[in-house]
Amino acid sequence: MSTQQATGPEADLVKRQFGSVTPTAAMKWTATEPRPGEFTFGDSDKIVNFATSNGMKIRGHTLVWHNQTPDWVFTDDNGQPMTPTPQNKALLLARMSDHIRTLVERYRGKITAWDVVNEVINDDGTLRQSRWYQIAGLDYIRTAFTVAHAADPAAKLCINDVNLTGPSRRDAMYDLVADLLAEGVPVDCIGSQTHVNISVPSPAALAASIEKFAKLGVDQQITEMDMSVYTDNTSSYPTVPPGLLAQQAAQYKALFAVLLRYRDQISSVTFWGVADNQTWLSTYPIPRVDAPLLFGTDLAPKPAFWAIVANPG
């Protein structure tokens with residue numbers, strides 16, 4: 001949620017219908033430490049205070065990501081872009097550790113789970129060649145989890161990624177987490193973002209992903225769920241046809257049937273937004289009217305909401 005949704009009708013909707021909140025942007029690096037050592041917590045504090053005052057759980061998002069990280073983080077002592085040297089690696093890991101420690105300790109005991117590292121795998125199963133990885137290799141992931149665990153041993157620590165129902169990305173995530181666990185890195189959870197559409201993924205693909213990760217013995221969380229009514233990157237409607245909303249409801253129902261079946265593996269489901277009036281999909285991949293959530297622009301329940309509520313299980 002955003003700080004704007006912590007007051008007014010949207011706040012009332014959140015309090016009625018949701019049991020936890022995730023700040024969509026307020027805890028990202030650009031929002032919390034835009035300049036070296038200058039931390040700003042106004043927006044994140046507002047969301048945390050809203051949640052705690054209403055008895056809601058909080059997921060922290062996100063400590064380390066290749067996006068929304070200020071350029072200074074990857075600048076060396078001479079003010080130049082970092083190259084992969086031992087000195088720069090040590091400097092980068094020190095900056096990252098300080099950032100993580102500051103955030104996690106500030107909200108220790110309030111945030112139940114953190115997305116520690118975000119989107120580290122490509123669709124083809126290779127590791128993302130982010131500046132983090134180019135400079136520090138896998139040590140940035142190892143260090144991030146280790147530092148976060150020391151800052152709040154009770155918080156559940158997740159590695160969060162997109163498209164984990166695709167076999168290449170799913171299998172690569174499985175192998176990565178298996179290796180980290182074998183090294184003793186405190187990975188508690190795999191977060192599956194679950195940005196989907198009205199056709200993809202199939203329920204069988206979702207089930208296969210859950211079953212695969214269950215073998216690791218870690219928690220699983222659905223962390224950023226929404227469902228576009230589009231199946232391509234170019235179509236656009238002035239208003240969403242009712243037939244697509246019906247198809248969306250059927251797809252939501254089918255996916256939630258899988259989540260209910262594997263409820264012993266899935267500890268939480270987070271929607272990436274409160275209602276259709278504020279969704280990142282209104283501008284991505286192109287500007288267009290989309291309706292990916294359970295509540296419409298008027299904050300009223302949509303067919304998808306009733307399909308999930310009525311889902312047996």
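A: Helices (H or I, at least four residues) and strands (E, at least two) are DSSP runs, numbered from the N terminus. This is a predicted model, in which local features need pLDDT of at least 70, side-chain atom pairs count only at pLDDT 80 or more, and totals for chains, interfaces and linings use all residues. Residues are numbered from 1 along each chain as its sequence is written, and side-chain values use heavy atoms, leaving out hydrogens and water.

Start with the peptide bonds. Most peptide bonds are trans, and most residues other than glycine have a negative phi. The bond from Y284 to P285 is cis, with omega near 0°. P285 sits in the loop between β8 (266-271) and α10 (303-309).

That loop also holds L299. Here phi is positive, near 70°, and L299 is not a glycine. L299 has a relative accessible area of 18%, so it is buried (under 20%; exposed is over 50%, partly exposed in between, with a 1.4 Å probe and protein chains only).

E119 is another non-glycine residue with a positive phi, about 60°. Look for E119 in the loop between β3 (113-118) and α5 (131-136). At 14% relative accessibility, E119 is buried.

Now go to strand β2 (residues 57-65), where H61 lies. The peptide bond from H61 to T62 is cis, with omega near -10°. T62 is in strand β2 as well. H61 is buried, at 2% relative accessibility.

What does H61 touch? Leaving aside residues up to four places away in sequence, its contacts (heavy atoms within 4.5 Å) include T22, P23, T24, M27 and K28. Also among them are W114, D115, N118, N160, E224 and W272. With D115, the H61 side chain makes a side-chain polar contact of 2.8 Å. A polar contact is a pair of N or O atoms within 3.5 Å; within protein, one must be able to donate a hydrogen and the other to accept it, and residues adjacent in sequence count only if both atoms are side-chain atoms.

A search of the whole structure finds one disulfide (cysteine sulfur atoms within 2.5 Å). C158 and C189 form it, with their sulfurs 2.4 Å apart. C158 belongs to strand β4 (residues 156-161) and C189 to strand β5 (residues 189-192), so the pair ties together parts 31 residues apart in sequence. The torsion about the S-S bond of C158 and C189 is about 90°, so this disulfide is right-handed. C158 is buried at 0% relative accessible area. C189 is buried, also at 0%.
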